[in-house]
Amino acid sequence: MLSQAIWWSSIVLEVFLLTRAGSGRLIFRYPVFCGYISFVLLQSIFRSFVHRWNEQLYGSVYWTTEFLGLILGCWIVFEIYQVALAAYPGTAKMARNVLLFLFVLALAKAVAALWSDPHLLAETTAPQMERALRTVQAISIVALVTVLASYSIPFGRNLRGILLGYGLFIGGRVICLTFLPPQGHHFWFYAYSASYIGTLSLWLAYLWSYEPSPVPKRSLQLEHDYQRIAAATRRRLQETSGYLRRAVRS
Amino acid sequence: MIAFSSLIAGVALLLLLMAAATKGWLASRQLGARSAASEEDTSEPCPEEFITRVFSRADWEFVRGLKAGGIERLFEQERKKVALVWVRQTSALIRKVISEHARAARQSKNLEFSTEINIFAEFLMLMAVCGILSVAVQIAGPLWLGVLAHFAQTLSQRVTKLQESFQAGVLANAREAGSA
C-alpha cells in the first residue's frame, strides 16, 4: 500500500515537474536534467509493466535501468558544472583538476581491490555495486560544491535547486543503500523510495519558473594577471602570519 | 569498511548541502556587492604596538604591584576580551584576503592548480593558528601566551636536539656494525 502511494506520488510529481519545465522553457535551458526526469518517469512505467507481465525479467530490467539512471545522473552533475562555470574559466579549471584527481583515486582504489581479490567482481551484488558508484558520485558532488562555494560562484534559483535536490537525493540514497537489507520491505526500503519524493518536491519549488543565473562583469585587468594576484595574496598571507608570530612572541 | 566510508560520504554530502542552503553559499548574490558583515571585515588590523602591549607582561607587572585583587581580575578579564577581539579580527582579515583572491582568480584563464592549492593550504594553516590562539587565550589568557610560546619553542628545540643525537647514535651503531 505504502509502496503504491510512493510510486503514484513520484509519477504525479514527475509529470507536474515536466509540465512546468515545458511551459517555463526550462527544457531548453537544462536539457540533461529534463531528460533525466523523463527517463525516470518512463523507466517507472516500464518497470511496472515488466513486474506485472514477466516477473522473472524484472530483476535484470530493474538493475539495467538503475545503472542507466546513474550514468544520466553523472551527466546532470556535468551540466551543473558546465552552466555554473561557463563565465568562470579559472574555477572551471580548478573543478576539472579536483574531479580528475578524485576519478583517478577511485579508479586506483578499484584496481587495487580487484588486484588483491580477483573474485571480487563476481561476488559483488548489484546493490553493493550501486552503493560504490553512488559513493563516488557523492564525493564528486562534495568536491564540486566545495570548489563552487570557495570561489563564491553565484547560482541562479533553478541551478541551485537542481544541485541541492540531486545532491540531497544522492546523499540520502547512499545512506539508505548502506543500511538496506538484501530482501524485504523494511524502514530503509521505504526511506530509499520516499527520498525521491522529497527531491521531486524540492525541484518543483525551485524550478517553478525560469530565473536566469547572474552574469559576472568581465574584469579584464584581473583576468590577465593571475600571477600578480597569486603573488599579492601570498604576500598578504605571509604578512599576517608574521604579524601573528610577532604579537605572540612579544 | 566500504559501507562505513559510503555512510561518511553520504552524511558529509547531506551536511554540506544543508549548510550551503542555510548559509546561502550558493545564493545568487550580486557580484561585487558587499554585505554588512564583509564591510566589517574590511577594517585594517590593529597597530602592532597596540597588540604587543596586549600580550606584554609589563602592564600586568604594574597592576600586580598595586596589590589590589579586584583590579588584577578586571585587568585580566579586559585583556582577554581585547586579545580575543584581535584574534577574531585577524581571522576575518585572513578570510577577506582569500575571498578577494577567489573573486579575482575565478575569472582568470591562466589559473594554476598547484599555486591555488598552496594558497589554500597556507590559508588553512593560518586559520588553524587563529583557532589555537583563541583557545590558548581562553584557557591561559593573553599574558601567559608569550610564556607558552617560549616554552613550546624551547621544547621543540629540545626535541630536535634529542632527535639529532638519536640519529647520530643510530648512525654510529650502524657504522660499528658495518666495520665489525
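1. A:F67 lies in helix α4 of chain A, which spans residues 55-84. The model is a predicted one, and the remarks below should be read accordingly. A:F67 is partly exposed, because 14 other C-beta atoms are found within 10 Å, whereas a buried residue would need 20 or more. Between the C-alpha atoms of A:F67 and A:S195 the separation is 18 Å; along the chain these two residues are 128 residues apart.

2. The next point concerns a helix pair within chain A. Helix α1 (residues 2-23) and helix α9 (residues 187-206) of chain A have axes that come within 10 Å and cross at roughly 25 degrees. That angle makes α1(A) roughly parallel to α9(A), since angles under 35 degrees are classed in this way. The crossing of α1(A) and α9(A) is left-handed.

3. The residues that make this helix contact can be listed by side. From α1(A) they are A:L2, A:S3, A:I6, A:S9, A:S10, A:L13, A:E14, A:F16, A:L17 and A:R20. From α9(A) they are A:Y190, A:S193, A:A194, A:Y196, A:I197, A:L200, A:S201, A:W203 and A:L204. Sorted by class, the contact of α1(A) with α9(A) comprises twelve nonpolar, five polar and two charged residues.

4. Two residues in loops deserve a check of their backbone. A:R25 is not a glycine, yet has a positive phi of about 55 degrees. A:R25 sits in the loop between α1 and α2 (26-29) of chain A. A:R25 counts as exposed because it has 10 C-beta neighbours inside 10 Å, and the limit for that class is 12 or fewer.

5. A:S152 belongs to the loop between α7 and α8 of chain A. With 16 C-beta neighbours inside 10 Å, A:S152 is classed as partly exposed.

6. The last point is the interface between the chains. In chain A, 58 residues are in contact with 56 residues of chain B. On the side of chain A that touches chain B, the elements giving two or more residues are α5 (89-116), α7 (126-150), α8 (157-179), α10 (220-223) and α11 (226-249) of chain A. The largest share of that side, 15 residues, comes from α11(A). By class, the residues on the side of chain A that touches chain B divide into 32 nonpolar, 16 polar and ten charged.

Methods: Residues are numbered from 1 along each chain as its sequence is written. Chains are lettered from A and ligands numbered from 1 in the order in which they are written. This is a predicted model: local features need pLDDT of at least 70, side-chain atom pairs count only at pLDDT 80 or more; totals for chains, interfaces and linings use all residues. Two residues are in contact if their C-beta atoms, placed from the backbone, lie within 7 Å. Helices (H or I, at least four residues) and strands (E, at least two) are DSSP runs, numbered from the N terminus. Ala, Val, Leu, Ile, Met, Phe, Trp, Tyr, Cys and Pro count as nonpolar, Asp, Glu, Lys and Arg as charged, and the others, Gly among them, as polar. Axes are lines fitted to C-alpha atoms, for helices over the stretch in contact, and angles run from 0 to 180 degrees between N-to-C directions. Angles under 35 degrees count as roughly parallel, over 145 as roughly antiparallel, 65 to 115 as roughly perpendicular and the rest as oblique. A crossing is left-handed if the near helix is turned anticlockwise from the far one by less than a right angle, and right-handed if clockwise.
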